Amino acid sequence: MASIFLSHVWAVLKRSFHLIGSAFSTAFSFFQCSNHVLVLRGEKYGPVFRMNSFHQTMIAVHCPEATKIILMSPKYLKDPSVYKRLFNLFGKRFMGTGLITAADHDVWYRQRRIMDPAFSSTYLRGLMGTFNEMSERLMDHLEEIADTKTPTIMHDLVNCVTLDVICKVAFGVDLNFLKQTDSPFQNAVELCLRGMVLDVRDPFFAVRELIRRYSREAVELLRKTGEKWIQDRKTAIENGEDVPKDILTQILKMAGTAKDHEQMLDNFVTFFIAGQETTANQLSFAIMELGRHPEIYKRAKAEVDEILGTKRDISYEDLGKFTYLSQVLKETLRLYPTAPGTNRWLHEDMVINGLKIPGGCSVAFSAYVSQRMEKYFKDPLKFDPERFDVNAPKPYYCYYPFALGPRTCLGQVFSQMEAKVVLAKLLQRFEFSLVPGQSFDIKDTGTLRPKSGLISPNPPPPHQ
Ligand code: HEM
């Protein structure tokens with residue numbers, strides 16, 4: 001038996017030995033490597049390198065041409081062996097075959113078509129009121145604590161805003177997380193992600209029963225909440241009540257068979273997690289970098305002041321005028337792509353960067369690596385919003401924090417509208433700085449967030 005397995009491993013390795021990279025330097029594969037290690041490998045081996053985990057080969061690709069060909073084409077599907085890891089979490093169905101995890105083209109396409117209208121520009125315009133309202137809650141909260149001279153964990157606060165937004169606009173439920181202490185939802189998302197990452201990366205995790213139990217419970221909480229909110233909405237529709245045309249309404253359109261019911265819950269969990277966490281993390285990193293660079297902070301604030309003056313309600317038209325603020329947000333996602341990578345299955349041979357890649361292997365794209373390679377971004381560790389100035393050369397398939405092509409992020413515009421509203425209000429109304437000793441490290445829980453939770457002290461009283 002062992003010899004059959006070893007000859008299979010040998011056969012797989014032989015096919016890709018001509019590619020540089022690590023064969024058994026990674027008994028643990030691509031997934032087990034930290035993003036930092038992957039950047040070092042990218043710098044050492046170049047834009048295409050191989051990684052093996054026993055009988056599996058994964059090719060890391062950071063070559064713009066191949067990125068364009070593979071990600072932009074619908075014929076290269078997501079690698080099912082990668083995304084099936086998110087189907088269940090410790091025996092509990094997690095993201096199943098929802099929009100992010102569906103690898104099969106038809107299963108994915110049906111859902112994407114149903115969900116698209118909830119992200120049309122007309123619909124998104126209508127969300128400005130909610131973005132303003134939920135951000136105002138944060139401003140009120142900050143005003144309350146402004147005089148107390150207490151440092152504030154900004155990451156937790158922006159997390160409450162993005163949770164409030166997704167619950168309200170996606171599911172029609174107003175939870176006001178800033179007023180809640182110890183809501184299980186806030187921890188649930190982090191626990192799911194933490195469990196997911198440990199499950200994939202840490203070979204000794206199997207024995208950590210406690211974290212497994214917490215992650216399982218978190219998944220259960222999200223799915224049970226989904227069950228209830230879906231049922232409430234169905235009842236409201238049956239009673240002839242006026243219901244919003246939101247994400248939940250679209251999710252309900254998937255109903256039909258029992259299989260569809262599970263898929264509705266998959267998408268509930270998908271939107272609960274994808275629709276909130278990554279934007280909160282982006283905001284935290286942006287606040288961190290603004291606190292670190294007073295001149296960038298000043299310029300962003302000057303722009304906001306010029307556009308908004310003292311007015312409270314930010315309009316859709318205002319968003320288009322925040323040129324520099326957009327650059328700040330784009331540069332934030334360059335250095336900190338909060339959802340750092342994606343995978344595709346290469347079903348046929350391909351030549352990438354002059355190297356023959358055998359068909360039948362997984363191709364990994366890391367925005368984190370690409371966006372930190374000196375080859376594509378000069379002085380890559382420097383936070384420099386000028387890279388996204390209208391006159392600067394456009395990055396060519398080496399900048400993709402929202403992925404690219406047909407499987408690009410559905411919530412890209414939504415998230416950046418929300419991020420601009422929160423950040424513009426913060427700049428308009430408060431002055432903030434980082435506490436001494438603020439860590440700039442990144443915590444990798446599958447998505448990236450600032451390690452320290454971002455402590456920002458004493459917002460002084462508002463100017464107006
Ligand atoms: C800064 C914020 C965000 C970032 C950086 C981000 C990034 C990404 C990335 C990289 C993917 C591709 C994942 C993969 O290939 O495995 C993705 C997919 C997705 N995102 Fe986002 N996302 C953000 C916000 C949002 C929001 C706010 C929503 C919903 C309200 C959302 C919904 C989705 C969905 C549904 C998909 C799957 C799309 C498909 O395959 O058809 N995202 N996102």
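Modeller: Let's start with a word we'll need throughout: a residue is buried if 20 or more other C-beta atoms lie within 10 Å of its own, exposed if 12 or fewer, and partly exposed in between, with C-beta atoms placed from the backbone. In helix H3 (residues 64-72), Ala66, Thr67, Ile70 and Leu71 are buried. Seen down the axis of H3, those residues fall within an arc of 105°, so they line one face of the helix. The arc is that of the directions from the helix axis to the C-beta atoms.

Biologist: Before we go on, what kind of model is this, and how are residues numbered?

Modeller: This is a predicted model, where local features need pLDDT of at least 70 and side-chain atom pairs count only at pLDDT 80 or more, while totals for chains, interfaces and linings use all residues. Numbering runs from 1 along each chain as its sequence is written.

Biologist: What is the mean pLDDT of the protein chain?

Modeller: The mean is 87, and 87% of the residues reach 70 or more; pLDDT is the predictor's confidence in each residue, from 0 to 100. Over residues 23-30, however, the pLDDT is below 50, and this stretch has 19 contacts in the model beyond near neighbours in sequence. Where pLDDT is low, the predicted coordinates should not be read in detail.

Biologist: What makes something a helix or a strand here?

Modeller: Both are DSSP runs, numbered from the N terminus: helices are H or I runs of at least four residues, and strands are E runs of at least two. By that rule the protein chain has 18 helices and 13 strands.

Biologist: What covers the buried residues of H3?

Modeller: The cover includes strand S3 (56-61), strand S7 (341-346), strand S8 (350-352) and strand S10 (361-366).

Biologist: Which residues of H7 are buried, and what makes them a face?

Modeller: They are Phe131, Met134, Ser135, Leu138 and Leu142. Down the axis of H7 they fall within an arc of 95°, so they line one face of the helix. An α-helix has 3.6 residues a turn, so residues three or four places apart point the same way. The buried residues of H7 pack against helix H8 (154-171) and helix H18 (412-429). On the face turned away from that buried side sit the exposed residues Gly129, Asp140 and Glu144.

Biologist: What makes a set of residues a nonpolar core?

Modeller: The members are buried Ala, Val, Leu, Ile, Met, Phe, Trp, Tyr and Cys residues, joined through C-beta atoms within 7 Å. The largest such core has 79 residues, of which Cys192, Val422, Leu423 and Ala424 touch the most other members. H8 gives the most to this core, with 12 residues. A second, separate core of 29 residues includes Ile59, Ile357, Ala367 and Tyr397.

Biologist: Why is Tyr397 called buried?

Modeller: Tyr397 has 20 other C-beta atoms within 10 Å, so the count meets the cut-off for buried. Tyr397 is in the loop between helix H17 and H18, and its phi is near 50°, a positive value in a residue other than glycine. Most residues other than glycine have a negative phi.

Biologist: Where does UniProt place the feature "binding site"?

Modeller: The unreviewed UniProt entry puts that feature at Cys409; such annotations may be inferred rather than shown by experiment. Cys409 lies in the loop between H17 (367-370) and H18. With 19 other C-beta atoms within 10 Å, Cys409 is partly exposed.

Biologist: How do you know which residues Cys409 is in contact with?

Modeller: Two residues are in contact if their C-beta atoms, placed from the backbone, lie within 7 Å. Leaving aside neighbours within four places in sequence, Cys409 meets that test with Phe402 and Ala403.

Biologist: What makes Glu386 exposed?

Modeller: Glu386 has 12 C-beta neighbours inside 10 Å, and 12 or fewer is the rule, so Glu386 counts as exposed. Its C-alpha atom is 7.1 Å from that of Gln327, 59 residues apart along the chain.
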